[in-house]
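Subject: Model handover

Hello,

Here is the structure you will be working with. Please open it alongside this note.

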Amino acid sequence: MTRSALSVLVAAAVLLTGVPSTSRAATEIQFWHAMTAVLGERVNDIANKFNASQREYVVKAVHKGSYPETLNAAIAAYRAKQPPHIVQVFEVGTQTMLSSGAVYPVYQLMKDHGVAIDWNDLISPVKGYYSSTGGNLYSMPFNSSTPILYYHKDHFKKAGLPDKPPATWDAVESMARKLKTAGVKCPFSSAWPSWVLVENMHAYHDQPFADNRNGFDGLATTLKINGPFGVKMMERLARGAKDGWFTYGGRLNKAEALMTAGECGIFTTSSAYIGNLARASEGKFAWGTGPLPRLAGFPQGNSIIGGATLWVMRGGKPEEYKGVAQFFKYLASTENQAWWAGVTGYLPLTNSAAKALEASGHYVKNPHQKTAIVQMNAGKTTPNSQGIRLGNFNSVRDAIEEQMENIFSGNKTAKQGLDDAVAKSNDILKEFAALYR
Amino acid sequence: MRRAVFRNPWLPYALVAPQIAITIVFFFWPAFDSLRLSLYRASPFGDRLIFIGGGNFTRLLGDPAYFRSVATSLGFSLVVTVAGLAVALLLASLANARIRGLAVYRTLLLWPYGIAPAVAGVIWLFVFHPSFGVLPYLLSFVTDYQFNWFLKGWVALTLIVIAAVWKQFGYNLAFYLAGLQAIPGSVLEAASVDGAGPVRRFFAITFPLLSPVTFFLFTLNMTFAFFETFGLIHAVTQGGPGDATSILVYRAWKDGFDGLQLGYSAAQSVILMLLVIALTTVQFRYAEKKVTY
Amino acid sequence: MDRSSAITHVILVAAVVVLAFPLYYAFVISTQSLDEVTSLPPKLAPSTHLVQNYADAWSRVGMGRLLLNSAIVALAVALGKIVISLLSAFAIVYFDFRGKQLVFWMIFVTLMLPVPVRIVSTYQVVSVLGWVDTYWGLTVPLMASATGTFLFRQYYRTIPDSLAEAAQLDGAGPLRFLWSILLPLSTANIAALFVILFVYGWNDYLWPLMVTNSQEMRTAVIGIDSLIPRTSQLPEWNVAMAAAMMVLLPPVAVIVAMQRWFVKGLIETEK
């Protein structure tokens with residue numbers, strides 16, 4: 001290397017390192033989430049918007065995998081004393097988080113940092129689900145949805161059915177049979193089998209899911225899904241699987257692939273599916289939405305919230321928590337709430353945000369996003385429909401779906417399958433309760 | 001027994017130090033931690049740790065689902081191993097003949113070994129896809145039967161067996177080819193001069209001479225099917241439908257990770273460890289006997 | 001070509017085709033458009049969207065960085081394990097020292113507890129060391145296994161004593177013996193082991209998933225997970241297959257390129 005070249009390099013090095021930096025290093029906040037595809041992009045969007053709006057804090061949104069993977073990553077990190085500041089935990093993880101002692105309750109965080117949030121503005125299903133017995137919120141609601149019904153208008157036309165969603169399970173069955181005769185590959189199916197067909201159906205008909213008021217009055221140790229209502233629902237679905245008008249599509253939300261492919265006539269799943277369905281069906285088929293179907297002979301309850309909230313983990317530094325509080329304040333503003341709900345299809349979490357969306361004509365352009373809201377407003381909030389809070393709920397849900405598969409494949413009767421699901425779930429619940437006796 | 005050849009007071013220790021260091025830090029420490037954890041009931045975040053002695057083990061051994069999982073694991077592993085070895089052995093015998101292009105064939109048969117089980121699973125998942133896959137499409141011409149592997153346990157099992165055998169096939173083939181090439185041609189020629197036909201030659205001479213390879217591959221495939229198919233099952237069936245494809249290692253992981261029951265999961269790992277110790281000890285004893293010709 | 005050779009050829013070709021079919025199918029899918037993927041009957045001839053799909057897959061997950069990470073992990077694990085296990089096997093076979101049996105046992109017992117079952121505890125250890133989300137954390141814990149030592153030990157035991165004795169007579173020390181005589185003899189084994197370990201390091205799934213937080217540090221087999229159409233995403237299997245093809249190409253290429261040594265090395269150890 002020539003002397004002149006070397007001197008140029010040295011000069012450059014001196015210049016680059018010697019330039020005084022005018023900006024202070026911003027405090028970084030780790031935000032771990034489980035959103036993918038379009039929703040993942042929206043999470044990045046809101047983090048970027050916050051980062052651009054001020055210079056003190058930088059929120060780094062990190063996708064850590066599925067909801068269970070994200071929770072596990074946070075747990076492992078916490079045990080290794082390096083937790084993220086914010087972690088998105090699905091609703092079934094609520095009790096696990098509450099019992100853990102590893103969280104910094106959100107209401108406390110906001111109070112400690114003098115950030116005023118109008119908790120009463122939260123829509124009542126969300127407030128009811130996530131509040132502690134004292135009425136305080138331990139986590140920040142972020143993405144909430146509820147199951148609704150979707151139907152394929154073109155398949156309906158083919159089967160000679162009127163362009164209206166079925167309102168009862170009897171109607172679902174008779175329409176699905178007609179769809180099957182018309183050659184539709186998947187007359188009726190549902191994603192989130194346990195969440196939609198067991199948890200929500202019980203709440204929707206004011207039936208208890210577990211003891212201790214579904215876990216709100218204390219740790220639940222017994223499921224109640226093998227009662228007359230539960231058995232009746234499962235028997236109908238087992239009949240559907242056998243007669244071919246109910247196509248089982250897998251656990252969790254795997255079955256959405258069937259609806260995305262345009263194969264299903266009637267489909268029940270989260271209201272958050274609207275965005276993806278719209279994109280998938282564009283130019284291919286028309287579809288509509290409606291409220292969940294009802295089973296005759298049982299009282300009126302309400303559907304319950306699904307989705308996730310943001311939890312704050314202990315073990316961070318004070319200035320970092322200041323940033324978290326600021327970020328949550330940003331998220332809670334009506335403007336951002338309305339934006340988030342509008343672009344994702346999740347429920348607007350505050351009444352103000354719902355009104356803002358209504359006023360801006362958003363629901364005129366996106367009528368399907370209103371179905372869930374209408375459904376929730378038409379329901380009755382009872383002790384059985386406030387929500388479900390179980391320890392190790394994820395395992396319980398899996399145990400239920402495992403037995404549902406045995407019922408739908410004809411290996412077990414509805415009663416037997418439900419009894420086995422209850423037995424396994426009780427075992428899981430008792431294990432959890434034994435930890436916190 | 002070979003005689004040790006070099007004498008040096010410190011060199012051997014220096015030579016084994018890196019391996020021992022890594023082994024202690026990344027194997028023994030976590031392994032003992034797992035062992036310890038299996039005796040406790042642990043909360044997910046580690047805030048509660050309650051000693052329950054053999055409680056996790058009695059819970060496991062009293063659960064019929066656990067024994068089903070043992071049966072599934074053994075059955076699945078045996079099918080994958082036996083099918084894999086049989087097909088590989090057959091093809092190796094054929095590919096060992098004096099034909100041109102042997103090396104080309106070998107290359108063309110070996111490469112699936114390089115595919116990650118999860119990736120293989122995803123590819124087969126698509127081949128089997130109920131809506132778009134080519135296999136259900138072709139089968140729909142033959143039968144009306146719905147090969148819905150979400151609901152039918154045997155279909156799900158078949159799917160992962162095929163994916164596993166496919167992935168392992170090249171490895172088995174390579175070992176058998178190597179083993180066959182080590183058999184002196186003179187022995188086989190002598191037998192054929194004696195009037196033994198190809199099938200007779202195979203069972204009387206080739207197969208017995210290959211038994212070290214077969215034994216080695218048997219243990220290896222069993223271990224693969226027991227443990228490394230985790231990625232495959234995780235990507236494709238997640239243990240379902242029901243618990244049809246819930247093999248032991250998947251169960252252990254799921255109870256620990258999805259179920260957050262760390263003590264219970266650690267107990268399952270301990271049992272798995274005992275099983276592997278048994279397998280490896282048997283293999284090692286046998287190999288030791290065979291190596292000294 | 002006589003009849004028996006012809007039959008052999010036919011059977012082998014059939015085997016090759018059956019084995020290759022899923023991959024061929026995946027390749028075809030990776031060249032199709034979304035519409036072609038979702039329409040029946042499935043088309044078995046490649047289509048024209050290859051560049052678009054691969055470019056999509058590349059940019060959506062930052063494939064360049066993912067492939068680099070996989071390469072680093074695969075090479076580090078392969079080379080690291082080879083060096084470490086070669087040295088250990090040499091010590092075990094050619095020396096007598098106090099504690100040799102214990103060392104032997106310690107190394108071989110690692111075969112008995114595969115990663116999936118000790119993963120949470122291993123993560124704890126790694127984070128205590130501050131190695132989470134780093135190349136160290138990705139590679140070093142994977143080197144704690146005995147397969148290489150086993151292979152080298154078996155091989156060294158088949159080498160005649162006379163070689164070592166001759167070297168001693170010549171005045172060569174153990175390291176000299178290792179470098180000038182043993183190492184050259186071991187190349188086939190080293191090559192075989194390299195293939196096995198490279199593939200293992202490249203394809204490992206569970207450990208990289210646990211130990212990395214950021215997309216920049218993830219390896220390819222995990223990084224492409226977000227492209228696999230699940231549930232409510234568009235069934236863009238074409239992009240997913242394009243990603244799968246890019247991820248499986250390097251290890252398969254290593255096998256193809258080195259298959260001669262791979263098989264030769266295995267013959268040596270089977271003797």
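Below are the conventions, then the findings.

This is a predicted model, in which local features need pLDDT of at least 70, side-chain atom pairs count only at pLDDT 80 or more, and totals for chains, interfaces and linings use all residues. Residues are numbered from 1 along each chain as its sequence is written, chains are lettered from A and ligands numbered from 1 in the order written, and side-chain values use heavy atoms, with hydrogens and water left out.

Confidence in chain B. The mean pLDDT (the predictor's confidence in each residue, from 0 to 100) is 82 for chain B, and 94% of its residues score at least 70. Within chain B, helix H4 (residues 102–110) is lowest, at a mean of 75. Helix H2 (residues 55–61) of chain B is highest, at 92. Helices and strands here are DSSP runs numbered from the N terminus (helices H or I, at least four residues; strands E, at least two).

Chains B and C. The contact (heavy atoms within 4.5 Å) takes 89 residues from chain B and 105 from chain C. The two chains bury about 9100 Å² (accessible area lost on being put together, 1.4 Å probe, summed over both), and carbon and sulfur atoms give 77% of that. Helix H1 (residues 11–37) of chain B gives the most to the side of chain B that touches chain C, with 20 residues. The rule finds zero salt bridges between chain B and chain C (Lys or Arg side-chain nitrogen within 4 Å of an Asp or Glu carboxyl oxygen).

Chains A and C. Here 21 residues of chain A are in contact with 15 residues of chain C. About 1600 Å² is buried between chain A and chain C, 53% of it on carbon and sulfur atoms. The salt bridge count between chain A and chain C is zero. H3(A) supplies the largest share of the side of chain A that touches chain C, four residues.

One residue to look at. A:Arg397 sits in helix H19 (residues 393–408) of chain A. Its relative accessible area is 5%, so A:Arg397 is buried (under 20%; exposed is over 50%, partly exposed in between; 1.4 Å probe, protein chains only). Beyond four places in sequence, A:Arg397 is in contact with residues including A:Glu91, A:Trp192 and A:Glu199.

Best wishes
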